[in-house]
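The following paragraphs lead the reader through one part of a protein model. Please keep the sequence and the coordinates at hand while reading.

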Amino acid sequence: MDKNHALEVLVDITNTNLGFSPASPSEFNELCLSIQEKTGRTISLSSIKRIWGYVNYKGFPSLSILNILSQYNGFKDWDTFVNGNLDDESGFLDESVIHATSLRRGERVALTWNSCKSCEIECIDPLRFRVIKSQNIKLQPGDTFTMHTLILGLPLYITDIVRGDINLPAYIGAKKGGLSSIKRLPMM
């Protein structure tokens with residue numbers, strides 16, 4: 001696996017977990033603070049800006065920085081992220097991808113993974129969803145969340161989870177093996 005491609009994927013996952021793609025100095029600072037709060041470790045603002053391409057840089061981050069960024073996203077370290085989340089092949093994604101922006105309000109999607117885990121979600125606003133049914137997962141019916149993309153064979157990444165009056169941290173489902181099925185359901 002090309003390390004540059006792996007870093008791009010990790011940046012995309014970070015953006016999803018953060019809930020936005022940093023594009024200004026204040027947003028990069030917000031990411032730095034979020035990393036420190038979640039991991040107890042710091043990455044400098046200048047390093048974050050280089051990784052996200054905000055400033056021109058031809059080098060590659062140190063293993064220490066990669067480990068912190070991987071830990072921020074729920075992985076033990078960089079090696080675990082690369083070896084456990086990516087494979088050595090690349091290719092274009094087609095019908096196995098659903099972009100959240102393509103779903104209309106009221107449209108539902110059924111997701112399954114690990115043969116015994118599943119949920120049904122409903123689009124309630126652009127990029128915002130509600131859990132309708134869940135089986136053997138930590139998400140519960142009524143939970144609302146932000147999601148950007150569903151990809152067959154990859155984990156489910158959601159952020160901004162609200163359960164009643166409680167805000168929950170980001171959620172990663174189907175870590176091992178990814179989503180095994182994604183099915184758009186008929187509109188009711």
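Helices (H or I, at least four residues) and strands (E, at least two) are DSSP runs, numbered from the N terminus. N67 is found in helix 4, a segment that spans residues 63-72. The model is a predicted one, in which local features need pLDDT of at least 70 and side-chain atom pairs count only at pLDDT 80 or more, while totals for chains, interfaces and linings use all residues. Residues are numbered from 1 along each chain as its sequence is written, and side-chain values use heavy atoms, with hydrogens and water left out.

Seven of the 10 residues of helix 4 are buried, and the helix is mostly covered; buried means under 20% relative accessible area, exposed over 50%, and partly exposed in between (1.4 Å probe, protein chains only). The buried residues of helix 4 are I65, L66, N67, I68, L69, S70 and Y72.

N67 counts as buried because its relative accessibility is 17%. Leaving aside neighbours within four places in sequence, N67 is in contact with D77 and W78, where contact means heavy atoms within 4.5 Å. The side chain of N67 also reaches the backbone nitrogen of W78 at 2.9 Å. Such a polar contact is a pair of N or O atoms within 3.5 Å; within protein, one must be able to donate a hydrogen and the other to accept it, and residues adjacent in sequence count only if both atoms are side-chain atoms. By contrast, S26 lies 23 Å from N67, C-alpha to C-alpha, at a separation of 41 residues in sequence.

S70, also in helix 4, has a relative accessibility of 0% and therefore counts as buried. Not counting residues up to four places away in sequence, S70 touches L10, F75, D77, W78 and F81.

Helix 1 (residues 3-18) packs against this segment: the axes of helix 1 and helix 4 come within 10 Å and cross at roughly 40°. Axes are lines fitted to C-alpha atoms, for helices over the stretch in contact, and angles run from 0 to 180 degrees between N-to-C directions. Helix 1 and helix 4 are therefore oblique to each other, since angles under 35 degrees count as roughly parallel, over 145 as roughly antiparallel, 65 to 115 as roughly perpendicular and the rest as oblique. The contact involves L7, L10, T14 and L18 of helix 1, together with L66, L69, S70 and Y72 of helix 4. By class, this contact has six nonpolar, two polar and no charged residues; Ala, Val, Leu, Ile, Met, Phe, Trp, Tyr, Cys and Pro count as nonpolar, Asp, Glu, Lys and Arg as charged, and the others, Gly among them, as polar.

With 0% relative accessibility, N73 counts as buried. The side chain of N73 reaches back to the backbone oxygen of L69 at 2.9 Å. Apart from neighbours within four places in sequence, N73 is in contact with L10, I13, T14, N17 and I172. Just after helix 4, G74 takes a positive phi of about 90°.

A separate site is V131, which is found in strand 4 (residues 128-135). V131 counts as buried because its relative accessibility is 2%. Among the residues that V131 touches, not counting those up to four places away in sequence, are E120, I121, L139 and F145.
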